[in-house]
Amino acid sequence: MTALLIALGAAVGAPLRYLTDRTVQARHASPFPWGTLTVNVVGSLVLGALVAAPVGPAVGALLATGFCGALTTYSTFGHETLRLARDGSRLLALVNALTSVAAGLGAATLGFAVTRALVG
């Protein structure tokens, strides 16, 4: 049952990641991977909130592991950072690495803190 919940969450998270990435990236002419940054920050925020929320293991499997696991994409983040560096955009690669890690950690912390404040 847990594997099915994870697959169900991933079935929603993965297409949402793709659509969000394409929509955000289409609005920027820059080679900076704005779409990947967006999905990783949003996924980190949601995961931080879920960790602080009193949810059962089934909801955790569905939303935290399945949905957030498929929504976020740190492998793409790594690939895009290396692509920027390889293509000569080393400053953008450094900005992407620092911004993605800092924003992801900040979003997770914010999600956790806000949920704790609301739930107690």
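Me: What should I keep in mind about the model and its numbering?
Reply: The model is predicted, so local features need pLDDT of at least 70 and side-chain atom pairs count only at pLDDT 80 or more, while totals for chains, interfaces and linings use all residues. Residues are numbered from 1 along each chain as its sequence is written, and side-chain values use heavy atoms, with hydrogens and water left out.

Me: Which residues make up the largest nonpolar core?
Reply: In soluble globular proteins, nonpolar side chains tend to be buried together. A nonpolar core here is a set of buried Ala, Val, Leu, Ile, Met, Phe, Trp, Tyr and Cys residues joined through side-chain atoms within 4.5 Å, where buried means under 20% relative accessible area, exposed over 50%, and partly exposed in between (1.4 Å probe, protein chains only). In this structure the largest such core has five residues, namely Val39, Leu50, Phe67, Cys68 and Leu71. Helix H2 (34-52) and helix H3 (57-71) each give two or more residues to this core, and H3 gives the most, with three; helices (H or I, at least four residues) and strands (E, at least two) are DSSP runs numbered from the N terminus.

Me: Which positions does UniProt list for "binding site", and where do they lie?
Reply: UniProt positions are given in the numbering used here, with shortened feature names, and annotations may be inferred rather than shown by experiment. The unreviewed UniProt entry lists Gly69 and Thr72. Leaving aside neighbours within four places in sequence, Thr72 is in contact (heavy atoms within 4.5 Å) with Arg17, Val39, Asn40, Gly43 and Ser44.

Me: How many aromatic pairs does a search of the whole structure find?
Reply: Rings of Phe, Tyr and Trp (its six-membered ring) pair if their centres lie within 6.5 Å, and planes under 30 degrees apart count as stacked, over 60 as edge-to-face and the rest as tilted. The search finds two pairs. Phe32 and Trp34 form a tilted pair, 4.6 Å centre to centre with 55 degrees between the planes, and Tyr74 and Phe77 form an edge-to-face pair, at 5.7 Å and 75 degrees. Tyr74 and Phe77 both lie in helix H4, three residues apart, about one turn of the helix.
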